[in-house]
Amino acid sequence: MELPYLEDVSPGTGSLPPRAWYARSDATSLSLNGSWRFRLSPTADAADDSFASDGYDAGAWDTVAVPGHWVMQGHGAPIYTNMVYPFPVDPPRVPTENPTGDHLRTFDLPDDWPATGGGTLRFDGVESCARVWLNGTELGEFKGSRLPHEFAVGHLLKPSGNVLAVRVHQWSSGSYLEDQDQWWLPGIFRDVTLLHRPEGCALDFFTHASYDHRSGTGTLRVDSDVDGRVTVPELGVDVAAGESVTVAVEPWTAETPRLYDGVLATAGERVPLRIGFRTVAVEDGVIKVNGRRILFRGVNRHEFHPETGRALDRDTMRTDVLLMKQHNINAVRTSHYPPHPAFLDLCDELGLWVIDECDLETHGFTEQGWRDNPVDDDRWTPALLDRAARMVERDKNHASVIIWSLGNECGTGRGLTAMARWIRARDTGRLIHYEGDPSCADTDMYSRMYADHAEVERIGHRADTEGPESRRQLPFILCEYGHAMGNGPGGLSEYQELFDAHERNQGGFIWEWIDHGIKHPEFGYAYGGDFGEELHDGNFVCDGLVFPDRLPSPGLDAYKRVIQPVRFAYDEDAGTVRITNLHDFADLSHLSFEWAYHVDDEAASEAGELAVPPGLGPGESVDLKLPDPPPTSRDAETFLHLTAMVGVKTNWTKLDHGVARAQFAVTPRPAVRPATGERPSQGAEFITLGPGTFDPRTGELRTLNGIPLPGAPRLDIWRAPTDNDNGASWQGGQRNGLVWRELGLHRMQHRLDAVELTDDALTVRTRVAPAARDIGLRTVYRWTSDGSQLRLTVSVTPEGEWTVPLPRLGIRLGLPAAYGYAHWFGGGNGEAYPDTAAASGIGRHFMPVDRMQTPYVRPQENGARADVRWAELRAGFTGEGVRVVGEPAFWFTARRWTTEQIDAAAHRTDLTPGDTVWVHLDHGQHGIGSQSCGPGVLPRYELHAAPAEFAFTFSRREATPEEEPPPVAPPPGRSSL
Ligand code: GAL
């Protein structure tokens, strides 16, 4: 049976050979973006193609914006699946129900459009298959959604009334090659442009610009299909295309993105060149650029916008790059397809290493043990080669692109080998990446996703004995790690240590940059299943370091610290700090350094500049003597703060932007004065002890300083499981979130055993345990007072066999809604958990309780602040309130809803503030890990059920009307900018 064009495996017909992409030259062009007429049909052939003919009246049709996806514009709906195909797997056939969008627009040529020459029509991205007509003549059809396709149209153009018709099918044989973990979003989602092609215009050209680090020279050769001259005025270069020239240059690196402006001038066109000189190679089993090992501090970036899907405007692309740079990120893997080419221009200009990945994934074939996998079937090889060529030809002139990736999660096969061979033959100046083939037969590096720390350590030692010997000689990267789904990822610092310790471990790319939540009137942000999909993978599509609106999540803040390019080590005895430059290329001349001593919660009491030699080269260290810390009284804590800030003008951030910081305790935390001595008294209705009144029957605290408590303090061990707590079915290890619930840790019963009044204390004995189980926590609350303060000591003794860590261990209490302003001295200002606390710094922080929440797209445990010495909940900025001092320091969380409400919520919009401020004072928190798609919590961050004792001292905090309201804290995640 002959298959129609959309189902045959060929990449298409009628388009021009692929070539280099450039934003503009001196040739005229006309953007065809804008409002197009649109008609949606349920099947590929429901409507005939008469709409493509001249004179067709589309007046009754709807309109859509191009670039855009019709499902994001009210026609049909997005579908989210991770790895399974949302249609029967019967390659290359696709369902009869195949949403098909007919797009139509008319255009006139501008007045200055030259009368001579040709024209090229360029589509930068259409999902998944398009058939194109201009003025009634069919131009051809194509697949390869995130790749450019051009057609020669000069002979068809007329001065006015041109009719461009594009039929787009959601499903095609190409869909089998585009099974990436993301929304299926059909449409013309990138630019459509008409390019004038003057006589003698440039066709394809390839800029080769290498750098010899020994001589400090660059060698430039621009190969061009059309004769021409290459000029680079700044370098005095003026040579024929195809001719090599070697000159002294400054090299391009992601840290020092030095570009030289040049021009390729053919007889008919002047094309601007942006040239970056660099040499990429694997030497001695290590990836080197310009002769030096590089370390990827990377992220995986999908193109996403919550309102427009994968149709991104230039500002959004720039925002992404700037946010990355401002968070110390130096590399992007363009998962899992070539991005809009303008994004690569930004990477060249602002400096990011790029792994450019081909638009190829056939993951769904795992469901059938990879049988019929297109990448191992010669019939599909032309389509694979077409994809490889379209990527390489389009992007080959970008300095930032140093590695080509064959695709993602395709298993193994001859087609991949064919792609690698073709790429190697075409471009000898870059390396090849592919993660899915453990033999690494086609690649220049060993790449893995989500390998745990122990394995990464083995690999670092080249002691990974499983694979072929040849693989052990290769450099190693984690093309995905640190799954940033919901709260997390945890364990990043420990990975970084392994990258720093082993030359072979050249860093990795966090999965992933952005949550793909779609803006939704009911849900806030929608995820899989919210559009009634038959098959879907829920909120697995929301696993980014930034929220859908690009507000950084705490995970990004933590990552910024983990990868900061300066290391500080304090030697208390010597009074010195060792500063190490962790850049791969740059010295420290762009940074300014400061030291400061903070005594207790006061602002810097002594501060100054740190004279770091600006010429300190990459990898070098210097020891600097610090001024002596200020004398402190015995009940104050002193901290040393060290910061590195941008001290020169840059194109990626403002002056004084913080790049690196560290904090060291200079004196230990002083002991808390005990609150004892007062005798509890039994009245008619209450037991009174200092500022507290208690229910004599239950022993529960009812009022504190006269404030009625909607929730008496009591033991709490539950947290609304995070995505990482819940884990993924395919991950090894116990999935704590599920086991906790199975054990009933979300419905602990509190049995009262005794309320005892003695001379100096009120003691309440309880046992806290879930129904149906024999495990429990014997919990004793001991209340004492000195008259004005009330101290609670909690002792916990586990009973039975606890085979699972505790989610948290602490107390929860409820305060009236008015106490909605938090001040604390401790970690902040953002969220932190035991293994995600890299960005947490001890200091005095202020935040309305409403701002302490981290708005994960699927609500889950969030918002804890680490190492808190004391916290106050105030009625207003300067109002009266409750003060609590912890012994030892504690985890502080405050929110206007309960853990149970978070647990029950599916979307942000399910959470509405109640009339209680719920306060958690936790002695322990279980770590976060990365088990939603990776290893779980490292043993050192597990919270085991073990005997514990901890205390909190409550007192009244008086209003301080004269107090200057502190500056309003930035929202979580913005703190480090
Ligand atoms: C990887 C895959 C990504 C994404 C991730 C989990 O296996 O390459 O596309 O699915 O897992 O979020």
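The model is predicted, so local features need pLDDT of at least 70 and side-chain atom pairs count only at pLDDT 80 or more, while totals for chains, interfaces and linings use all residues. Residues are numbered from 1 along each chain as its sequence is written, and side-chain values use heavy atoms, leaving out hydrogens and water.

The pair belongs to β43 and β44 (residues 687-689), which are joined in the antiparallel sense by 2 bridges. Two strands are said to pair if DSSP finds at least two bridges between them; strands are DSSP runs of E with at least two residues, helices are runs of H or I with at least four, and both are numbered from the N terminus. In general, the strands of a sheet pair through backbone hydrogen bonds, either parallel or antiparallel.

Over residues 688-955, the chain is 46% strand and 7% helix, and the end C-alpha atoms are 15 Å apart.

Now move to another open sheet, with 3 strands in the order β16-β17-β20 and antiparallel pairing. Its edge strands, β16 (205-212) and β20 (245-248), each pair on one side only. From one strand to the next, the twist averages 25°, with axes fitted as lines to C-alpha atoms and angles running from 0 to 180 degrees between N-to-C directions. Between β16 and β17 (residues 217-224) there are 8 bridges, and Phe206 has Asp223 in β17 as its bridge partner.

Finally, visit the ligand. Around it are 13 residues, of which Asp181, His336, Glu409, Glu480 and His483 come nearest; a residue counts as near if one of its heavy atoms lies within 4 Å. The shell has 5 nonpolar, 4 polar and 4 charged residues. Oxygen atoms of the ligand make polar contacts (N or O atoms within 3.5 Å): one is 2.5 Å from a side-chain N or O atom of Asp181, one is 2.8 Å from such an atom of Asn408, and one is 3.0 Å from a polar side-chain atom of Asp543. On its own the ligand has 310 Å² of accessible area, and the protein covers 95% of that (Shrake-Rupley method, 1.4 Å probe).

Terms used: A polar contact is a pair of N or O atoms within 3.5 Å; within protein, one must be able to donate a hydrogen and the other to accept it, and residues adjacent in sequence count only if both atoms are side-chain atoms. Ala, Val, Leu, Ile, Met, Phe, Trp, Tyr, Cys and Pro count as nonpolar, Asp, Glu, Lys and Arg as charged, and the others, Gly among them, as polar.
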